[in-house]
Amino acid sequence: MTRAVDVLVVGAGPTGLTLALQAHDHGARVRVVERRPELFRPSRALILHPRTLETLRPLGVTDALLGLADTAPSARLHLGSRVVEAGLADLALPDTAFPHLSLIRQTDVERVLAGALADRGVEVERGTELVTVREAKDGAYAVLRSDGGAEEIRCSFVAGCDGPDSTVRACAGVGWYGGPYAVEAVLADVELVREPDRTSAPGPASVPAAASGRTAASAPTGVEAFAGRQGLLLLFPLGEQAAWRLLATRAREPGRDPGAGPVFGRPGTAVPLAELRQLLRDAGSDARIERLAWSARVPLQYRLAACFRRGRLFLLGDAAHNYSPATGQGMNAGIQDAVNLGWKLGFAVGDGGPEGRPDGDVLLDSYDRERRAAARRRLLLTHTAFWAEASTGRVPSWLRGVVAPHGAPAVPVLLARRRLVAEGVRVISQLRAGYRHSPLSVTGTPRLRGVPRPGDRLPDATVSTGGPPRRLHHLLARPGVHLLLQRDAAPLPDAVAGPHVDVLRLASSPGHGLVVVRPDGHVGYTCAVVDPAALNGWLTLVGAAAPPADRP
């Protein structure tokens with residue numbers, strides 16, 4: 001038996017790495033194991049949403065992520081013979097510091113998160129596999145296997161961030177509901193050249209096979225999207241073994257077992273070069289594949305776990321839910337799961353935390369109540385979008401092949417309506433998502449009006465704390481619970497708040513009330529007056545109150 005840890009994180013993708021960071025920064029001892037011995041794998045995701053960047057900001061990684069991302073992406077949408085140009089930067093989102101979509105490889109996200117963990121003294125243990133896990137009264141016991149042999153460790157909690165074929169989910173005996181799609185995805189890294197005898201609008205630039213010799217003029221820029229009867233084809237200038245990443249959907253081959261092969265994003269059966277070239281021709285692209293570096297066909301599925309928590313075992317990311325690639329939800333959903341759960345696990349095992357007390361399960365159960373409801377909404381969103389983008393049924397094929405080209409002239413008009421576009425991004429990015437029905441969302445008496453309701457995301461705003469105006473999210477960009485006192489609010493009694501609580505008085509907000517913001521950026525408690533007893537009750541509920549010995 002090796003030393004005990006508070007949280008064993010199984011899986012070192014974006015979800016597991018984020019969870020480890022969030023739990024560590026809120027007081028937990030973490031250990032991260034990953035069965036893949038190698039660091040590199042083809043990226044499963046290529047986009048970060050504004051809300052995801054907001055939730056990562058207190059962990060101190062957003063600057064590094066944005067330094068590797070394209071935050072002003074452009075796209076060219078091909079609808080039949082028509083081409084629509086679209087910019088996805090500087091959207092009309094005044095209440096966030098990230099009013100744009102960010103194109104970035106998943107491998108880059110993992111590298112930044114793993115580096116942040118290493119800076120905290122936590123190294124990912126690659127080539128270490130979870131064999132089994134069991135629960136006992138004093139914790140969870142996990143058996144790990146690596147080249148050095150097998151070991152058993154005791155931990156307070158186990159977080160399953162180990163993908164659709166999750167060992168943690170299997171050990172927990174949690175159901176896995178849903179099924180396969182009738183279409184599959186094709187992934188490839190390719191070098192492209194333009195056909196010399198084609199005269200349509202410019203497409204992907206000519207790129208030599210030796211990517212290191214690329215010049216700025218010939219480097220690929222912008223996303224190319226082709227929507228046709230047979231599905232969707234996307235060309236991202238984010239290849240890892242070549243300049244371009246190709247993502248296409250097509251009907252699953254008749255007779256092929258949808259359960260066989262890898263799940264989305266994991267390398268599977270290679271796709272012949274001839275088939276990839278045919279996909280480009282069918283889509284109407286004037287580009288030709290000059291070199292194929294890597295390819296795979298990947299089955300697609302929609303899945304949802306029966307629950308996200310069973311005792312001391314938790315499920316996050318692809319272990320808890322599986323979506324189609326439509327609207328780019330997978331990596332973003334997993335990161336937001338991790339930010340939600342990480343602080344709760346940290347407080348649950350920290351001094352004064354609720355673990356072992358009657359109200360302890362309220363905090364830990366809130367993860368399932370909050371994030372499973374969010375996952376169901378995401379599943380509906382992605383299912384609907386994927387039907388429109390990729391279904392080979394008669395109606396969606398007709399809409400893409402006939403109606404969309406005729407409606408193409410209206411697309412620039414719609415895109416010019418920035419507020420309409422911004423509202424769509426809010427929905428896709430989960431900026432509208434909230435937890436009003438969570439047991440952690442408490443409204444004090446008397447009710448404070450004119451502020452976000454408990455459970456809502458706290459919008460960014462320009463505020464003053466007595467000095468020059470500052471952005472609110474910048475002031476809160478650190479771990480912990482944040483107590484926002486209005487200008488005329490009574491001072492807090494000594495030793496009400498624990499070590500993970502910051503207090504900020506807003507001189508620009510008249511009133512006598514307070515707003516308490518959770519570590520994941522959602523409002524937890526509001527009241528029109530400072531009620532020490534009620535405030536202490538909420539802080540105790542989440543494990544952020546001062547230890548009893550420190551209270552007056």
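Biologist: Which are the buried residues of helix α6 (residues 273-283)?

Modeller: In this predicted model, the buried residues of α6 are L276, L279 and L280. They span an arc of only 95° around the axis, which puts them on the same side of α6. A274 and R281, on the other side of α6, are exposed.

Biologist: What covers the buried residues of α6?

Modeller: The cover includes β11 (176-194), β13 (231-236), β14 (244-251) and β15 (287-305). After the helix comes G284, with a positive phi near 95°.

Biologist: Why is Q430 called buried?

Modeller: The relative accessible area of Q430 is 9%. Buried means under 20%, so Q430 is counted as buried.

Biologist: What is the phi of Q430, and where is the residue found?

Modeller: Q430 has a positive phi of about 70° although it is not a glycine. It is found in the loop between α11 (418-429) and β19. Most residues other than glycine have a negative phi. T327 also has a positive phi, near 65°, and is not a glycine. T327 is found in the loop between β18 (321-322) and α7 (330-349).

Biologist: How do you know that the peptide bond from T445 to P446 is cis or trans?

Modeller: Its omega is near 0°, and the bond is cis. Most peptide bonds are trans. P446 is found in the loop between β19 (442-443) and β20 (462-463).

Biologist: Why does W387 count as partly exposed?

Modeller: The relative accessibility of W387 is 41%. Exposed requires over 50% and buried under 20%, with partly exposed in between, so W387 counts as partly exposed. The residue lies in helix α8 (residues 360-390).

Biologist: Which residues make the nonpolar surface patch, and which helix gives the largest share?

Modeller: The patch, of about 460 Å², is made by W387, V395, W398, L399 and V403. Membership requires over 30% relative accessible area; W387, at 41%, is over that cut-off. The largest share, 4 residues, comes from helix α9 (residues 394-407).

Biologist: What makes β4 and β5 a pair?

Modeller: Two strands pair if at least two bridges are found between them. Strand β4 (residues 74-79) and strand β5 (residues 82-87) have 6 bridges in the antiparallel sense, so they are counted as a pair. One of the bridges joins L79 to R82 in β5. The two strands form a hairpin with 2 residues between them, and G80 in the turn has a positive phi of about 65°.

Biologist: Why are β19 and β23 said to stand at the edges of their sheet?

Modeller: The open sheet has 5 strands in the order β19-β25-β24-β22-β23, with mixed pairing. β19 and β23 (501-506) each have a single partner strand, so one side of each is left without a neighbour in the sheet. Within this order, strand β24 (residues 514-517) and strand β25 (residues 523-527) run antiparallel and are joined by 4 bridges. V516 has Y525 as its bridge partner in β25.

Biologist: What is the secondary structure of the protein chain, and how much of the chain is buried?

Modeller: The chain has 13 helices and 25 strands. Of its 552 residues, 55% are buried. Among contacts between residues at least 6 apart in sequence, 71% join residues at least 24 apart. The accessible surface comes to about 22,400 Å², of which 54% belongs to carbon and sulfur atoms.

Note on methods: Residues numbered from 1 in each chain as written. Predicted model: local features only at pLDDT ≥ 70, side-chain atom pairs only at ≥ 80, totals over all residues. Heavy atoms only, no water. Buried < 20%, exposed > 50% of the residue type's maximum accessible area, 1.4 Å probe, protein only. Contact = heavy atoms within 4.5 Å. Areas by Shrake-Rupley, 256 points an atom, 1.4 Å probe, with all protein chains shown as cover. Patch = residues over 30% accessible without salt bridge, like charges linked within 9 Å, V, L, I, M, F, W, Y side chains within 5 Å. Salt bridge = Lys/Arg side-chain N within 4 Å of Asp/Glu carboxyl O. Arc of directions from axis to C-beta.
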